[in-house]
Amino acid sequence: MSLALKHVGVLVDVTRCIGCNQCIEACVVENDLGELRHTPQQAPDGLSDRRFAAIVESPQGAYVRKACRHCLQPACVSVCPVGAMYQTPEGVVLYDYAKCMGCRYCMMACPYGIPRYEWGSTAPRVRKCNLCYERLQNGQLPACVEACPEQALLFGERDELLLEARRRLERSPNKYLPVVYGEQELGGTSVLYISPEPLDFLGFHGAPGDQPYPELTWNWLSRTPSVALAMGGLMTGLFWVIGRRMQAEEKRAARNTSSSHEA
Amino acid sequence: MAAQYRNWIKDGLWALAIAGMAAAVLRFTFGLGASTGLNDTTPWGLWIAFKLCFVALSGGGFTLAAMVYVFHLESFRPILRRAILLALLGYGSFIVSLLFDLGLPWHIYMPIIHWQHHSVMFEIAWCVMLYFTVLTLEFAPVILEHDWFRHPIFQMIYRALHVAVIPLVITGIVLSTLHQSSLGALILIMPHRVHPLWYSPWIPVLFFISAIAAGLMALVLEGFLVERWLGSQVKLDLLERLGKVAAFALALYLALRLGDLWARGTLPAALDGSWQSLLFGAEVLIGGLLPLTLLTSRKIRQTREGLLTSALLIVAGVVSQRMSLSLFTMWRPAPYLPSLAEILIALGVPAAAALIYLFFVENLAVLDEKAPLKIAPARVQLPMTWPFPFAERNSLNGIIAHRSGLAVGIIAVMLAVLPIQTAASGALPLNLVQPARGWRILWIDGNRAKYQVEFAHAEHQERLAKEMGSSEEACQTCHHLNLPQDEATACWQCHRDYLQAVNIFDHTRHQQILGGNAACQECHTVEHTRRSAAACQECHETMSPKEGQAAFNPMAPAYLDAMHGLCQDCHAQQAAAQNRPELALCKTCHSLQENPSELQAAIRNE
Ligand code: SF4
Ligand code: SF4
Ligand code: SF4
């Protein structure tokens with residue numbers, strides 16, 4: 001079932017976030033994530049199999065909500081061998097446990113290092129924000145957006161959010177850096193940020209560039225059919241040509257010996 | 001001629017394989033978290049690195065098949081079967097290790113049903129699956145030659161396989177080309193993880209070519225090993241020619257690798273003196289250029305030592321490339337150390353493959369097309385019959401008995417070394433709280449992180465007393481529960497652990513006060529059952545818990561939660577009441593001071 005909205009997104013206004021963690025609480029309740037457990041597998045950023053989102057502190061001390069960006073061209077979706085990570089028509093990136101084999105390629109590939117794993121389970125799931133897709137289908141806001149007391153999170157059509165972001169940048173140019181994070185990186189993300197401070201630290205290891213990640217692989221992968229054909233053709237050809245030559249060679253040798261016998 | 005066969009190698013392999021199986025039990029009972037060092041920032045570790053190596057070292061299979069069947073180089077036929085067996089076992093190891101690595105191994109068939117052709121891994125899954133089948137079919141005739149398969153049906157299959165061999169071989173070559181290169185393409189999408197000296201848009205081609213070099217050299221090594229341990233003569237001239245082919249592949253690989261780094265301007269990074277650059281240097285010089293130089297000299301190539309050395313170096317070089325890029329030099333924000341179980345599984349799989357290799361070699365015509373190798377009985381009898389003296393050494397019972405003895409020892413050591421808290425999935429080590437210091441100002445660093453929260457204790461006390469009009473009540477706002485004969489018991493005395501809830505019911509103390517065993521029934525009113533304890537109030541009716549706290553709860557929350565719970569609510573209220581939002585910010589308390597000197601001075605001056 002698809003939504004009435006075309007392409008959904010969330011705009012995070014970092015200047016408004018007070019770091020109260022209400023959004024995280026709401027997410028925990030909505031997705032039934034349970035008590036936080038500290039495990040050796042957990043990363044320091046606060047995301048884990050039991051937390052889809054976390055408020056992280058930027059190097060300069062601003063509070064930034066970190067969660068899946070719902071990339072327009074998601075690396076996680078492109079690497080998943082079985083399509084367990086998939087994108088809905090509205091741009092929400094979802095996960096289907098029934099298909100997943102647990103290869104964890106999605107975790108390796110995500111340029112923001114978002115997906116987390118249930119290391120403590122013997123039938124583990126990959127865990128990440130689902131943009132509350134079920135709530136969206138019921139016409140509700142994502143839980144975190146609804147919970148935010150400061151309206152630091154804004155939900156809507158991605159295009160409209162972009163307009164709103166630009167409007168804010170224009171109206172208070174002193175408050176923000178003149179970029180909408182998520183507009184272009186990796187071909188764009190559905191979760192956008194405007195911020196007084198650089199958000200490059202959200203990348204797994206440095207800021208992701210503008211090139212959509214799936215292209216990196218597709219450049220090679222799209223060539224494999226031709227490589228296969230070429231290799232198959234070459235091998236068949238070589239087998240045939242060399243074989244024929246050798247036969248001819250043998251025949252000539254045989255003829256030579258027999259003729260020399262006659263002589 | 002008596003074969004120089006050493007039983008202890010086999011014993012060692014068995015021990016490794018069984019230890020690996022034990023570790024596998026651990027992995028499947030407790031999950032990946034408890035049995036491996038993998039974590040959220042390093043979801044791929046040792047096993048992936050090993051898998052890349054297995055496949056690289058199996059590159060001899062398709063190369064030799066191409067040489068014999070496509071290029072009609074019949075002289076290589078005597079080692080073809082070994083090449084195929086090696087590849088078969090290499091891919092077998094790959095698949096088996098994959099079963100351990102996958103979080104949901106019973107979903108391994110999913111790529112067959114759900115196609116996702118944008119994924120390199122999808123392509124690899126299909127290619128490996130198909131190629132493994134091809135290898136099995138290529139090797140099947142060797143098995144069908146055994147006496148057991150005299151039945152006409154098997155003969156028919158045997159003949160059919162013989163007819164089908166050329167299409168099979170060519171399919172195998174195509175599949176190998178695809179997945180050998182695609183294994184490299186796996187990392188194309190991870191520029192944020194892979195070190196720039198190893199990352200390359202040409203990585204698929206590099207993987208393919210280096211697999212040819214490494215696969216052939218692995219065959220050379222195998223030739224020498226077989227000669228040393230199984231006493232089957234190698235044909236040195238054949239191996240030498242393999243070396244020649246490998247040298248071509250190696251030269252191409254090095255040229256492409258260095259050329260690409262140079263063209264993209266990354267080569268200077270190889271000289272910056274970091275350990276990665278040294279590793280890179282060693283890999284290229286010792287594992288690449290050196291053996292290449294050795295191999296280009298015909299004289300060196302034709303000696304055993306020369307050939308052996310270059311084979312060792314090339315295999316090491318390619319293995320190093322695979323391991324470096326997938327393990328050593330990957331960027332990770334948190335450290336990753338493979339656990340013992342992880343290492344045992346990683347080693348156990350190839351050990352089992354080696355045993356299968358020996359089994360095939362001993363029972364089938366692998367080394368010599370005419371007859372299976374007859375192996376002389378062991379000359380050295382190790383005194384390992386002790387646990388099961390009744391079992392014949394070479395019977396199946398015997399083998400299992402002896403090797404299990406060894407393995408039990410290894411498992412014992414493993415369990416001893418494996419930290420128990422990781423084995424019991426999710427359990428945490430005890431993390432005792434450091435009491436707050438100071439008096440008027442408390443200096444709080446519960447987890448000994450050297451970052452202090454300064455808490456103006458006196459100020460809070462005074463303000464609350466003023467607001468409530470009674471200092472006793474003021475204290476109770478926070479000191480909600482006191483130990484017997486105490487007032488204002490410090491937080492840490494009950495909330496003893498930083499992260500875990502703790503039981504504050506002191507069973508032993510109750511027992512002592514009430515008079516030992518005889519008194520058990522004072523609480524445990526129903527006979528002998530643990531569940532039967534009377535509720536606290538029945539004895540402590542005079543104790544008045546805080547309002548709203550209906551029953552006495554013997555569990556105290558962890559220090560972290562307790563402190564936050566206590567402070568945050570008030571702060572949030574006050575922030576709203578006084579319209580001072582900064583009061584509710586984390587920064588207000590966590591100003592992240594490391595042993596602030598003025599604070600120390602303030603405390604000392606009191
Ligand atoms: S942020 Fe990561 S997990 Fe989320 S859609 Fe993008 S690639 Fe996938
Ligand atoms: S772990 Fe699951 S969701 Fe992630 S890439 Fe593998 S199969 Fe897909
Ligand atoms: S959108 Fe839903 S799942 Fe995602 S962070 Fe917000 S509450 Fe959690």
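Predicted model: local features only at pLDDT ≥ 70, side-chain atom pairs only at ≥ 80, totals over all residues.
Residues are numbered from 1 along each chain as its sequence is written, while chains are lettered from A and ligands numbered from 1 in the order in which they are written. Local features need pLDDT of at least 70, side-chain atom pairs count only at pLDDT 80 or more, and totals for chains, interfaces and linings use all residues, with side-chain values resting on heavy atoms and with hydrogens and water left out.

Begin by selecting ligand 1, which is surrounded by 14 residues (a heavy atom within 4 Å), the closest being Cys68(A), Arg69(A), Cys71(A), Cys76(A) and Cys110(A). By class, this shell has 11 nonpolar, one polar and two charged residues, where Ala, Val, Leu, Ile, Met, Phe, Trp, Tyr, Cys and Pro count as nonpolar, Asp, Glu, Lys and Arg as charged, and the others, Gly among them, as polar.

From there, select Thr189(A), which is in contact (heavy atoms within 4.5 Å) with residues including Arg69(A), Cys71(A) and Tyr112(A), when neighbours within four places in sequence are left aside. Thr189(A) sits in the loop between helix H6 (158-171) and strand S9 (191-194) of chain A, helices (H or I, at least four residues) and strands (E, at least two) being DSSP runs numbered from the N terminus. Its relative accessible area is 0%, so Thr189(A) is buried; buried means under 20%, exposed over 50% and partly exposed in between, with a 1.4 Å probe and protein chains only.

In the loop between H6 and S9 of chain A, Leu186(A) can be selected as well; Leu186(A) is buried at 1%, and its phi is near 55°, a positive value in a residue other than glycine.

Then move to chain B and select Leu137(B), which lies in helix H7 (residues 120-144) and is partly exposed at 35% relative accessibility. Leaving out residues up to four places away in sequence, Leu137(B) touches Leu161(B) and Leu168(B), whereas Gly223(B), 86 residues from Leu137(B) in sequence, is 23 Å away in space, C-alpha to C-alpha.

End at Asn579(B), in the loop between helix H22 (559-577) and helix H23 (586-589) of chain B, which is exposed with a relative accessible area of 64% and has a positive phi near 50°.
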